[in-house]
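Reader: Hi! Could you walk me through this protein in plain words?
Author: Happy to, let's look at it together.

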Amino acid sequence: MSTIRNIALVTAAPLVLAAAGLAHPHGLSRSTASDWTQLHIALLPVFPLLTVGLLVPLWHRPRLGLTGFATVVAWAGAFVYAAFYTGLDAVAGIAAGTAVEHAGETAALGPVKRPLYDTGEALGQAGAYALIAAVVATAVALLPRHGIRVLPGTIVLLVAGWAFVDSHIFWPRGVWTMLGFALGFALLAWGAGRSAPTGEPGVLPRRRTSSQQAGG
């Protein structure tokens with residue numbers, strides 16, 4: 001039941017974003033400016049929740065060593081993603097939509113939108129790359145305990161993360177990217193749902209204690 005609950009938690013945000021992508025205007029114009037602005041305001045708290053897909057399997061106190069260091073790196077990457085991608089939504093979403101909505105009827109929209117788009121795109125790409133780094137660090141943190149079970153989800157998340165760099169949630173590519181995140185997070189939550197047995201590939205066998213060795 002805990003694994004099912006975790007899968008529900010980690011897939012909620014990307015599924016909401018995929019649904020929102022179906023309604024996302026394909027371009028920003030005077031006719032779409034209000035919807036553009038309102039949608040990005042509504043999604044402002046949702047994009048950071050993508051990191052739940054990494055935080056749930058890492059929900060423990062980091063230990064000393066490589067796994068603990070990787071956990072902290074994953075947390076830091078998730079934080080950087082949340083901060084910078086929120087900047088994209090605020091600048092290229094809310095600010096650009098508001099500026100176009102209130103631009104004069106005869107004003108050219110290119111000079112109004114372009115500087116905001118450029119700034120927002122730089123922020124969004126920085127956030128997406130940080131999310132990719134967080135995915136890699138999460139895999140490093142989980143692999144010693146859970147073995148190769150975490151690899152399918154990690155691979156799917158890396159593909160989705162790379163697409164996310166320039167796809168946002170625009171239909172069709174952005175929607176498929178969000179569905180990829182949902183699948184990757186679900187696979188990762190399933191893989192981290194139980195520890196791999198000793199001797200499984202990717203998991204180092206536990207060292208025998210001196211008492212075990214003495215007992216044969």
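Reader: How do the axes of helix α2 and helix α4 cross, and within what distance do they come?
Author: The axes of helix α2 (residues 33-43) and helix α4 (residues 66-101) cross at roughly 150° and come within 8 Å. Axes here are lines fitted to C-alpha atoms, for helices over the stretch in contact, and angles run from 0 to 180 degrees between N-to-C directions. α2 and α4 are therefore roughly antiparallel to each other, a term for angles over 145 degrees.

Reader: Before we go on, what kind of model is this?
Author: This is a predicted model, where local features need pLDDT of at least 70, side-chain atom pairs count only at pLDDT 80 or more, and totals for chains, interfaces and linings use all residues. Residues are numbered from 1 along each chain as its sequence is written, and side-chain values use heavy atoms, with hydrogens and water left out.

Reader: Thanks! Which hand does the crossing of α2 and α4 have?
Author: α2 and α4 make a left-handed crossing, where the near helix is turned anticlockwise from the far one by less than a right angle. On the α2 side the contact (heavy atoms within 4.5 Å) includes W36, H40 and I41, and on the α4 side it includes I94, G97 and V100. The residues of this contact divide into seven nonpolar, six polar and two charged. Ala, Val, Leu, Ile, Met, Phe, Trp, Tyr, Cys and Pro count as nonpolar, Asp, Glu, Lys and Arg as charged, and the others, Gly among them, as polar.

Reader: And what about Q38, where does that lie?
Author: Q38 lies in helix α2. Q38 is partly exposed, with a relative accessible area of 49%; buried means under 20%, exposed over 50%, and partly exposed in between, with a 1.4 Å probe and protein chains only. Q38 and I94 are 56 residues apart in sequence, yet 7.5 Å apart in space, C-alpha to C-alpha.

Reader: Stepping back, how many helices and strands are there?
Author: The protein has eight helices and zero strands. Helices (H or I, at least four residues) and strands (E, at least two) are DSSP runs, numbered from the N terminus. Buried residues make up 45% of the 216 residues. Among contacts between residues at least 6 apart in sequence, 78% join residues at least 24 apart.

Reader: How do α4 and α5 cross?
Author: The axes of α4 and helix α5 (residues 110-146) come within 7 Å and cross at roughly 160°. That makes α4 roughly antiparallel to α5. The residues of their contact divide into 29 nonpolar, nine polar and two charged.

Reader: Which peptide bond is cis?
Author: The bond from W171 to P172 is cis, with omega near 0°. P172 has its place in the loop between α6 and α7.

Technical notes
Angles under 35 degrees count as roughly parallel, over 145 as roughly antiparallel, 65 to 115 as roughly perpendicular and the rest as oblique.
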